[in-house]
Amino acid sequence: MANFLFFACFFGGFLLFTLMRLVDLQPVGVDLALKWDDGAEHFVPLEALRRACPCASCAGETDVMGNVARGPETAFTEASFQIKHLQPVGGYAVQIFWKDGHGTGLYGLEYLRTIGEKNSQ
Ligand SMILES: [Zn+2]
C-alpha cells in the first residue's frame with residue numbers, strides 16, 4: 001500500500017510538470033491572473049512577479065565556482081510593476097515586458113506555477 005501511494009505521488013508529480021498547460025494568462029489590476037488546465041487559478045501580485053524575475057541581471061548568473069554574479073541593483077519604480085505586454089514562448093515559457101523597459105525575463109511554466117502557488121491571494 002505504501003509503495004502504491006509512493007508511485008501514485010511520483011507519477012502525479014511527473015504528469016503535473018510535463019502535461020501542465022496554461023489556459024489563460026492576463027494582467028488583472030495589480031495581479032497577473034493565471035489559469036491552468038487542471039482547474040487551478042492563481043492571482044500573482046505583479047510586484048512579486050517582477051521581483052522573482054529569473055533573468056541573469058535580476059536573479060544573477062552562477063559561475064563554475066558557485067559565485068553569483070548579479071547586475072547592478074535595480075531601482076524599482078511604479079512602472080517596474082506594470083506589464084506592457086506578454087509574449088508566450090514556444091508553449092513552455094512566457095516572456096514578460098515591463099513598462100520600465102525591462103523584458104529579458106523568461107518565466108518557464110513550472111516557475112510560474114511555483115510563483116503562483118507561493119504568492120496566490
Ligand atoms: Zn530581470
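This is a predicted model: local features need pLDDT of at least 70, side-chain atom pairs count only at pLDDT 80 or more; totals for chains, interfaces and linings use all residues.
Me: Which residues does Gly108 contact, leaving aside its neighbours within four places in sequence?
Reply: Gly108 itself has its place in strand S8. With the neighbours within four places set aside, the contacts of Gly108 are Tyr92 and Ala93.

Me: How far apart in space are Gly108 and Val89, C-alpha to C-alpha?
Reply: Along the sequence, 19 residues separate Gly108 and Val89. In space, their C-alpha to C-alpha distance is 8.9 Å.

Me: What is the order of the strands in the open sheet, and which of them stand at the edges?
Reply: Good one to trace on the model. The open sheet has three strands with antiparallel pairing, in the order S6-S7-S8. S6 (83-89) and S8 (106-108) each have a single partner strand, so one side of each lacks a neighbour in the sheet. The edge strands are therefore S6 and S8.

Me: Over how many bridges do S6 and S7 pair?
Reply: Strand S7 covers residues 93-98, and its Val94 stands opposite Pro88. S6 and S7 pair in the antiparallel sense, and the number of bridges is six.

Me: What angle does the direction of helix H4 make with that of S8?
Reply: Helix H4 spans residues 109-119 and packs on the sheet, where it touches S7 and S8. Its direction and that of S8 make an angle of about 80 degrees.

Notes
Residues are numbered from 1 along each chain as its sequence is written. Two strands pair if DSSP finds at least two bridges between them. Helices (H or I, at least four residues) and strands (E, at least two) are DSSP runs, numbered from the N terminus. Two residues are in contact if their C-beta atoms, placed from the backbone, lie within 7 Å. Axes are lines fitted to C-alpha atoms, for helices over the stretch in contact, and angles run from 0 to 180 degrees between N-to-C directions.
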